[in-house]
Amino acid sequence: MKLTKRCEGLDFPEGPIAMADGSVILVEIRRQTLSRVLPDGNIEVIAQLGGGPNGAAIGPDGMVYVCNNGGFLWTQEDGIMRPIGTPDDYVSGSIQRVDPATGRFETIYDSCDGQPLRGPNDIVFDAQGGFYFTDLGKSNAEYVHHGAFYYALADGSRIIRVHAPMITPNGIGLSPDDKTVHVAETRTGRVWSFDLIGPGEIAPPPFNMPGRLEVTLPEYQLLDSLAVQADGKICVATLMRGGISVVPIGGGAVDFIEVPGDPYITNICFGGADMRDAWITASGTGCLYHMRWPSPGHRLHFNG
């Protein structure tokens, strides 16, 4: 499988969305922007969002919904950029709605039940037009917040905490039949599945488990954002090892596709007529890669 660099010079890219015109909309977390990578590799800024725009998805109204983590402190070592903590000017996390045509944006959620959102991270829409998103929490040298995942309506009228506590929940995705939500935890290297009994409502998990465990990766492999294949397998970006882990449902061998040269591989999305065009963010080196994926990805409800 051939890996092709579409562009470089991005400032910690994440949240890629494959658009029908061949461009890729993504966030640049350190630059604090929603940006567009054109087919020729040029980069256009759509909106300057502040904080730390992290995950992004197209909603039923054609707007881009962004998980904003509120911002990071940064360091660079051996040519690799990475986040290391929470800045002094951090206020809260939020969900922002952005018009990709004009760059106008608004904050639609910054709290739930009176508790501020800490570090919203990844997002996925269901068939009803609501969305699930993770809140990883924030951390510094002394603490790490417990995290959670949420369900919210795109018009800003309702947000509920679906499941908590979790340990740094990051990637989130839905099964092709919309009956299961998958969540990857960064620090534990685990992928959990939760059966849905209604929009934003999960079946009670086992008393001794946070959910249904799909995998715990060995050694020091940290998990980031994810996408789902048409066959239901979970493609989760894998930090430190540097690539994409393909996790089968219900057990079995995990395949791994390496992206050389960057331990901070943070996300993947699918597009193209056959859904086999994979776009991968290499955040530490600021690159966006393309490759033809072995299996088609699941087409999102409001695909770009």
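**View 1. Strands that line the largest cavity of this predicted model.** At least two residues of the lining come from each of strand 2 (13–18), strand 6 (53–58), strand 14 (120–125), strand 18 (169–174), strand 23 (222–228) and strand 27 (265–271), where strands are DSSP runs of E with at least two residues, numbered from the N terminus. Residues are numbered from 1 along each chain as its sequence is written. Because the model is predicted, local features need pLDDT of at least 70 and side-chain atom pairs count only at pLDDT 80 or more, while totals for chains, interfaces and linings use all residues, and side-chain values use heavy atoms, without hydrogens and water.

**View 2. The largest cavity and its lining.** A cavity is a set of points, on a 1 Å grid over the protein atoms alone, where a 1.4 Å probe fits but cannot get out, and lining residues have an atom within 4 Å of a point. The count comes to 1 cavity of 30 Å³ or more, and the largest cavity holds about 430 Å³, a volume being the space filled by probe spheres set on the points, which are joined across faces, edges and corners. Of its 29 lining residues, Ile-123, Val-124, Leu-226, Cys-269 and Leu-300 lie nearest the centre.

View 3. Strand 16 (residues 147–153) pairs with strand 17 over 5 bridges, in the antiparallel sense, and Ala-152 stands opposite Ile-159 of strand 17.

Notes. On a 1 Å grid over the protein atoms alone, a cavity is a set of points where a 1.4 Å probe fits but cannot get out, and a pocket is an open set with protein on both sides within 12 Å along at least five of seven lines; lining residues have an atom within 4 Å of a point. Helices (H or I, at least four residues) and strands (E, at least two) are DSSP runs, numbered from the N terminus. Two strands pair if DSSP finds at least two bridges between them.
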